[in-house]
Amino acid sequence: MAKKKVRKHAASATPGKAPKSKIPKSKLPARDKKTLGSLKGMADKVVQTANRSRAPQLDIPSRSLSNVKFNRTQKIIEMGSNKNKRELFNLSQAKAYMQTMLVGSGCKELIGEQKTLSLRGMYYRLKHTIEGTKEETFEDQSDCDPIIEDVEVSLNALREELHVYASNRGSMVGNLQLNDSGDDIDCARMGSGGYSIPSIVEPEIVKFVKSNAKFVLHVEKDTVWRRFNEDKFWKKHNCILTHGGGQPPRGVRRLLNRLHHELKLPVYCLLDNDPWGYYIYSVIKQGSINLAYESKRMAIPKARYIGLSSRDYERCGLSPSATIKLSENDIKRAKQIARYPWFEKKKPWQKEIDHMLKNGFKMEVESLISLDISYVTEEYVPARLQDRDFLD
Amino acid sequence: MLSSAKRKRSPRKKSGEQETSDSGAGGAADGVVRARRRRRGTAESMAAKQRDISVSEFFAKNRHLLGFDNPRKALLTTVKEAVDNSLDACEEAQIVPEVWVHIEQTGESRYRVSVQDNGPGIVKRQIPLIFGKLLYGSKFHRLRMSRGQQGIGISAAGMYGKLTTGKPVKIVSKISIRKPAHYYEIEIDTKKNIPEIHNGRGNGVDFPPGEKGHQLMRKKGIAWVSHYDADKEGVDPREVRSGTRVSIEQEGRYQRGRGSVDEYLQQTAIANPHVTLHYLDPEGNETVYSRSTKTLPDEPKEIKPHPYGVEIGHLVTMLKDTDASTLAQFLTSAFSRVSPAVSRRICEGAKLSTRGSIKKIGRDEADALYQSIQKTKISAPSTDCICPIGEDLLLRGLHRVVPGEFYVASTRPPAVYRGNPFQIEVALCYGGTSVVEKVTYEVLAELLSQSDARTLRQFLVNTFDGVGAEASDKILKKAGFGSRQSPGKLKSSDIDKLHHAMQNVNLTDSHAMQVYRYANRVPLQFQQAACAITQAVTKMNWRSYGLSQSRGALPNAPVTIMVHMASVWVPFTSESKEAVAGYPEIEKELRLGLQAVGRKLGMYLRRRQKVKQEGERRSIFLRYLGEVAQAVSSINDADSKDLYEKLLRVAERKTSEADTKLDSRGKKIEETGDFGGNVLIVDQSPEALLEKGGKEQDEGQQALF
């Protein structure tokens, strides 16, 4: 009880939380009003159950493989209806319940003040020692991130609607002009670094102004992307060049999705020939298991896989030293991927995965550099595009 | 053993004869010539050196067989033999025993051990024989449950004293309040195994009864406790009516800790709740273990041997010694459980006549008889010759000395191994603070100065019971010492640090189980690993009773377990009586006994765990409720205080089980009904300790040091 008072005093003492900086609810954007409404609904439920002296609980849609379905007509991964209960009066869930409520209050504060925070910022905003104990509300950021995702799914609100974003990862360069938060940006004049793709790329923030690109080439990581940028591949082939730094973050995926749907650009992916690369492609194409509820906004079912393919070892005449032996883990993961419903019925993919397993090695895109520094930009990708030799 | 020692010499005699005849032939090959030159003795010269070895001489050279391996152990063995004899004598005479043990330092590594009892005393002519002759006693030839067995112990202690200091054994004995006290100074003639009396021209000295005699003895410097409770105020001291006091001066080393005199007396007090022990240690501290009951254990009956327990050699000797004339007579009179019908069956099996003369039975017939006995079904020996301590007294004894929160005891029904009846008793104590936490700064400093351990770690492991390597590492880490720190050169600030660490380290998990082993109420302190009792404890799966245990080791828990084996003949692995041999029947009984206490411990621990869990549950909920209430109120502006109160009520309802358990405590002893008896639960709350009064606690504390 005493603790409550202490906390309140402390709160009012912080200048950021002073009531005058609060924007009146009526002036908030409509989208934020809706989010606030669902946050309030979550809190009201707690008060109601407490009034009826029942144990409060939350229903959180389950974010696991068992609760995703592959929608064959739309060709995207959708979340099922399984829900996990999170109870306050359950030893193993009590802390998570408390954390969920904390995240809720943190989001409410952000919306009220019309500010955004990074995942890490949110973690620091909510982290404090529980009164009377030595326990922290969150031990580290990895405690906090999944809880934020839980709030997203249970409120059916997107992360940006909660005013939380992840750190930037991924760059873009190419024939595209856009407006980011009021600044005009020409992606053809971004130098060697490119345009850093922000975490939130909703039309309110990033507006496409003009583009005459013909397609989007998404490569796996920064090093390959630099090769392409240095060779001015995007100029020669009139395209947009992106990378996602490995598994692409939501910002990159959402941007690809918008480029594909709004500018009608086909998306081609150049990824490593390993289970990891396969899965990146799968995430871009039909959405991820963890964020299945966002597939509609993220997935690009028409994306195509350019390479590297297992046949490229013979086709390009690579030397054995350019290959990496498959580890136990790789083999396991490859078999797992082959069984995913969205790969299961595709013969070329089954052949591809089989071929890799038979090869017993994986290849990175960089392995093509062993043939010639610009082999990948001047021969490999142009040839694939020319022949329209893709995996679906 | 004796026979084997003699046998060693006899083969030589034969080979000697052989070679002599060889040399007579002469003029053989080179090798033989060389061999002849090398020979230094002839059969004749060797025969001159071949002679009897006296038992005493044998043991003087092989003192380790009797427990006199090193000075430290020698001191303990002397105390032990004397105390055991005293208790045996008192119980046989139906006197409630009171024993005074006094150890004083007389030189650098010399101690005088004096033990006096209030027993029946010894008649004058027997005193020299009992204390000055090895293998002389009343206990060897009969089958009866007693502490001593062979009649070696006390005279061997006297012999050891003479060997190391040259001083004779001094004995005072008095058989009645009206009879004089006899005083003897005796030493053993190791060659002849006969006593040599030093005082009174070989006849000892007598002191008259009453105050006059006491004064005379004091004048001559002969110690004798003449009255009970001499120092106690307000009590009229009663005169000690009879008793025996033996004092032996010997080489020794006094050291506390594991395997010490202090530990032996403490453990003796546990297993003998009817005994009062007064102990005056070399530093002049007196410890008294007062009896918790005045009832003596039932007198054990003497029994005849059971046929199954007799070996062929023994059978032949018995046949030779018997007065019976016919075989049937012999069998029914010399053995227990052999009725005429059984003897007939045995004879039939051996194809011998029941009326056949004993004289006509030779080696072959004896063998046939032996085989037949093994095949004939004979009922087990009567087991009323065994007097267990009993579950109630076990609990009392353990509670008196070992502080804890849960006690359980189990006495198994008697069983039989190789025709010898025996009975297993197990008592267990769980919890309580460890010795490590209770040791005071002064005692610690003293222990450190006494220790000969090379490292502090070794010191901790050797000195304190229940402290294993893991626990000592924890203590050292907490105190900030390296593991190789020497215990000798600690500054007082370092000792303070160590003391502080010892009191503040939580050792519950790294606490090794303590095993107290007893055979006929005598604590066994050495050869722990070789003993069937320890092996049985180690083999048990304690994990199913809620203790943590690594494979092949004693469990790690604050548990003290005492196991008592009572038998007419305890099968020791050696003469020094340190470890019980593992016969399958004994192992089985041990297992069953351990399981019986283990089950109840498991019940208690599970129940405790549940109460604890409920309590923890509630505290976890309470911890988060405030956060939840505040977070909710910051979202929807609800009254956080009101919400907190409401959530608190729900939490209380959800964890009400913990509440009821907490409320029902506060009594000294909880109801024990559903444990099925023989269980003692001591409340650990501070209020309960106050209620109980400091007295009992002090005693427990004192008992350990």
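Let's start at Tyr417(B), which sits in strand S11 of chain B. Keep in mind that this is a predicted model. Is Tyr417(B) buried or exposed? Its relative accessible area is 2%, so Tyr417(B) is buried.

What does Tyr417(B) touch, leaving out residues up to four places away in sequence? The list includes Phe422(B), Met565(B), Ser567(B), Trp569(B) and Val570(B). Pro571(B), Tyr583(B), Glu585(B) and Ile586(B) are also on it. Tyr417(B) and Pro584(B) are 167 residues apart along the chain, and their C-alpha atoms are separated by 8.0 Å.

Now move one step along, to Arg418(B). How accessible are the partners? Arg418(B) is partly exposed, with a relative accessible area of 32%. Glu311(B) is partly exposed too, at 46% relative accessibility.

A second bridge in chain B joins the side chains of Glu589(B) and Arg412(B). Here the N to O distance is 3.0 Å. Where do the partners lie? Glu589(B) belongs to helix H21 (residues 584-636) of chain B. Arg412(B) is in the loop between strand S10 (406-411) and S11. Glu589(B) is buried, with a relative accessible area of 8%.

On to chain A. The side chains of Arg254(A) and Glu202(A) meet in a salt bridge, 2.9 Å from N to O. Why does this pair tie together separate parts of the chain? Arg254(A) lies in helix H8 (residues 250-262), while Glu202(A) lies in the loop between strand S10 (195-196) and strand S11 (206-211), so the bridge ties together parts that are 52 residues apart in sequence. Arg254(A) is buried, with a relative accessible area of 13%. Glu202(A) is buried as well, at 8% relative accessibility.

Side chains of opposite charge can pair when their charged atoms come close. In chain A, salt bridges that share partners build one network. Arg254(A) and Glu202(A) both belong to it. Other members include Arg63(A), Arg86(A), Glu149(A), Asp150(A) and Glu152(A). Arg159(A), Arg250(A), Glu294(A) and Arg297(A) are in the network too. How many salt bridges are there over all chains? The count comes to 47.

Next, surface charge. Which residues gather in a patch of positive charge? They are Arg52(A), Arg54(A), Arg653(B) and Lys654(B). Arg653(B) is in helix H22 (residues 640-654) of chain B.

Staying with chain B, look at Arg125(B). Arg125(B) is in the loop between strand S2 (110-117) and helix H6 (127-132). Its relative accessible area is 65%, so Arg125(B) is exposed. The C-alpha atoms of Arg125(B) and His182(B) are separated by 10.0 Å. Along the chain, these two are 57 residues apart.

Some backbone details in chain A. The peptide bond from Gly307(A) to Leu308(A) is cis, with omega near 0 degrees. Leu308(A) is in the loop between strand S15 (304-307) and helix H11 (312-315).

Two residues other than glycine have positive phi values here. One is Gln114(A), with phi near 55 degrees. Gln114(A) sits in the loop between helix H3 (94-113) and strand S5 (117-118). It is partly exposed, at 31% relative accessibility. Then there is His163(A), with phi near 65 degrees. His163(A) is in the loop between helix H5 (141-155) and strand S6 (164-165). At 7% relative accessibility, His163(A) is buried.

Last, chain B as a whole. Chain B has 25 helices and 16 strands. Of its 705 residues, 49% are buried. Take its contacts with a separation of 6 or more: residues 24 or more positions apart account for 70% of them. The chain exposes about 33,600 Å², and carbon and sulfur atoms supply 48% of that area.

Methods:
Residues numbered from 1 in each chain as written. Chains lettered and ligands numbered in written order. Predicted model: local features only at pLDDT ≥ 70, side-chain atom pairs only at ≥ 80, totals over all residues. Heavy atoms only, no water. Salt bridge = Lys/Arg side-chain N within 4 Å of Asp/Glu carboxyl O. Helix = DSSP H or I, 4+ residues; strand = E, 2+ residues; numbered from the N terminus. Buried < 20%, exposed > 50% of the residue type's maximum accessible area, 1.4 Å probe, protein only. Contact = heavy atoms within 4.5 Å. Areas by Shrake-Rupley, 256 points an atom, 1.4 Å probe, with all protein chains shown as cover. Patch = residues over 30% accessible without salt bridge, like charges linked within 9 Å, V, L, I, M, F, W, Y side chains within 5 Å. Lys, Arg positive; Asp, Glu negative; His and termini not counted. Charge placed at Lys NZ, Arg CZ, Asp CG, Glu CD.
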